[in-house]
Amino acid sequence: MFVILAGILAVIGALAGAYYFEMRPVVLRIAVGPANSDDLKVVQALTQGFAQTHSHIRLRPVPTDGAAASAQALADRKVDLAIIRGDLTVPDNAQAVATLRKNVAVLWVPPAAKGKGKKAGPKITKIAQLSGRRIGVIGRTPANINLLKVILQQYGVDPAKVDIVQFPVSEVTEAIRGQKADAYLAAGPVNSRITADAIAASAHDGGAPTFLAIDSAEAIAQNHPNYEASEIPAGAFGGSPDRPDDEVKTISFAHHIVARKDLPESTVAAFTRQLFAIRQSVMAEFPLAAKIETPDTDKDAAIPVHPGAAAFVDGEEKTFLDRYSDYIWWGLMGLSAMGSAGAWFAGYLKKDERNTNSSQREHLLDMLTAARRCDSIEDLDRMQAEADAILRDTLLCFEHGAIAEGALTAFNIALEQFHHAVADRKALLIGTPQNPQRAGAQFRVTGAL
């Protein structure tokens, strides 16, 4: 009984421990950058939302210098999640959880400045005409320069023959008004305020910027799977007339939320579920949260999806019982086996005691036969004392569980018959007439046996 009770308590303790570790809040470190970026603000809003709703998954932002640094932090296993650009090198241990947003490449040429004695250069209307020109890239990240080079090479323009200069976001307006470049490249969401302000600064003296269409967007996407063919809608950047005045073909790339592939499937599934559950409330403060999308679950996706995120998207997320049913079943089987083994072991420990009692019962039956033929009262008294000792040992065996209640009943019948035989033999030896009633009782018991 003690072994079985210990096994039950062990199984209950294991289940309680598994439930506790499953339900306790899990803190995930997420790398995001640079400072003051929209990505960081969205992650901070998600962090606050998870904490306010007492969610199972909590976030701890780890600021970095940018998407490349975030990817490296994930590769070095310093964080659990990261916000990375899809057109950069993806760490080998990264798997997609969600698409945070999609950025489009916007390439435009400001209108020529009007001034006395100033001769305007040839008007740029195609990307192929950028050779020998100066192109300004908005932002300090090297990834935008790589993006420009991919576009130029597609149109046969040698990047070495182009003067590429980068402008910080804070200096873009001044650079455009100072005509420090012939064309400009910006990469960001279609509704990016930074891109819209830069294009607005390009419109001066009644002139409108010229948007350079990337007509070979599908070919670029074919050669570079991290990019997709996309379009900029007419009027995406406001203005009157609309900027642009017509739909413009371009390429796009995504910012992904990725997780280490060794993160538990249940943890990533819970994070993905919370992410899309809280997205609506975060949109009120950060409209960019509306761009969060589910990851690509195709097998040939550029970034393989994490099994936990795929389970959420496909509606195959496992419950607590789904994940631990096998352990529960094996635990019950182990408990049953433990109980059987405990019972066998307990019986094995009492084997000698049980065998001794069995031999004593046989000895008592032998004394019963001997008592009926005994001719000495002293021998009868000795056998009576020996029977009392056997009774004492038998009761101890019963208390220890060595013999069952049925065996005790059989011993009681044998002992009663022995006492009757001793009493009858003593009466015969002393010469005292036998009690008729007890003789009848003895006959009835003997007949019943």
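In the predicted model, helix H12 meets helix H13 through Ile-377, Leu-380, Asp-381, Met-383, Gln-384, Ala-387, Asp-388, Ile-390, Leu-391, Thr-394, Leu-395 and Phe-398 in H12 and Glu-405, Leu-408, Phe-411, Leu-415, Phe-418, His-419, Val-422, Arg-425, Lys-426, Leu-429 and Ile-430 in H13, contact being heavy atoms within 4.5 Å. By class, this contact comprises 15 nonpolar, three polar and five charged residues. Helix H12 (residues 377-400) and helix H13 (residues 405-430) pack at an angle of about 165°, with their axes 11 Å apart. H12 is therefore roughly antiparallel to H13, a term for angles over 145 degrees.

Residues are numbered from 1 along each chain as its sequence is written. Because the model is predicted, local features need pLDDT of at least 70, side-chain atom pairs count only at pLDDT 80 or more, and totals for chains, interfaces and linings use all residues, while side-chain values use heavy atoms, with hydrogens and water left out.

A search of the whole structure finds six aromatic pairs (ring centres within 6.5 Å). The rings of Phe-50 and Phe-271 have centres 6.2 Å apart and planes at 90°, so this pair is edge-to-face (planes over 60 degrees apart). Phe-50 in helix H2 (residues 38-52) and Phe-271 in helix H8 (residues 265-283) are 221 residues apart, and both are buried (under 20% relative accessible area, 1.4 Å probe, protein chains only). Tyr-227 and Phe-253 also form an edge-to-face pair, 6.3 Å centre to centre with 85° between the planes. Both Tyr-227 and Phe-253 are buried.

Methods: Axes are lines fitted to C-alpha atoms, for helices over the stretch in contact, and angles run from 0 to 180 degrees between N-to-C directions. Helices (H or I, at least four residues) and strands (E, at least two) are DSSP runs, numbered from the N terminus. Angles under 35 degrees count as roughly parallel, over 145 as roughly antiparallel, 65 to 115 as roughly perpendicular and the rest as oblique. Ala, Val, Leu, Ile, Met, Phe, Trp, Tyr, Cys and Pro count as nonpolar, Asp, Glu, Lys and Arg as charged, and the others, Gly among them, as polar. Rings of Phe, Tyr and Trp (its six-membered ring) pair if their centres lie within 6.5 Å; planes under 30 degrees apart count as stacked, over 60 as edge-to-face and the rest as tilted. Buried means under 20% relative accessible area, exposed over 50%, partly exposed in between (1.4 Å probe, protein chains only).
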